[in-house]
Amino acid sequence: MKKKFSPSQILFHWVVFILIVLAYATMELKGIAPKGSSAREWIKTLHYTFGLSVMLLMLLRIILKVMHKDPEITPTPPDWQIALSKAVHGILYLMFISLPLLGVLSLYYGKVEWSFFSYAMPVSNDQSSDMQHTLKDIHEFIANTGYFIIGLHAFAAIFHHYIMRDNTLIRMIPWKK
């Protein structure tokens, strides 16, 4: 029985974590640059790039999740904790796939030109500001809800490590045996 996630799962988990921190940071920091400035446009492009990168890596994480069986938690937590964990992880996966998708669609319908690693992203031939605003509102709602879900996920890992004293957190830490 393996005691840790696969090295690729651990790597993707932490790379996605870093990209999510950067996506949230750029979202929060864009306000320091004046509207219309090149600095603000650069920060927004970074936000879009980090977000789309998260989505692509989350899709790869799903493939890895299918390929690799999760290591067991020892000692085994109660069934309700396992069910809650699966629900929160499902929400996290759904959130970090839907958030970038909604953002990219918002940009598409808003005819916002941007590039993803030098690849010009498509824009709609017809601007639909109603669709753009609806998608952006949903995107922002999910992003704001994300603070709570991410916090819950981090709290659960720390709770399991320090209170339950099981291997939940250790399974995803690369340097711990």
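The largest pocket of this structure has a volume of about 1500 Å³. Its lining comprises 50 residues, of which Ser85, His89, Leu92, His153 and Thr168 are the closest to the centre. Two or more residues of this lining come from each of α1 (7-29), α2 (38-67), α3 and α4 (129-164). Helix α3 makes the largest contribution, with 12 residues. The model under discussion is predicted.

The second largest pocket holds about 650 Å³ of space. Among its 27 lining residues, Lys30, His47, Tyr48, Lys136 and His139 are the closest to the centre. At least two lining residues are supplied by each of α1, α2, α3 and α4.

The composition of the two linings by residue class is as follows.

What span should α3 have at 1.5 Å a residue? The helix covers residues 79-109, 31 residues in total, and should therefore span 45 Å. The C-alpha atoms at its ends lie 44 Å apart, which agrees with that expectation. Just after α3, Lys111 adopts a positive phi of about 55°.

Methods
Residues are numbered from 1 along each chain as its sequence is written. This is a predicted model: local features need pLDDT of at least 70, side-chain atom pairs count only at pLDDT 80 or more; totals for chains, interfaces and linings use all residues. Side-chain values use heavy atoms; hydrogens and water are left out. Helices (H or I, at least four residues) and strands (E, at least two) are DSSP runs, numbered from the N terminus. The expected span of a helix is 1.5 Å times one less than its number of residues. On a 1 Å grid over the protein atoms alone, a cavity is a set of points where a 1.4 Å probe fits but cannot get out, and a pocket is an open set with protein on both sides within 12 Å along at least five of seven lines; lining residues have an atom within 4 Å of a point. Grid points are joined across faces, edges and corners, and a volume is the space filled by probe spheres set on the points.
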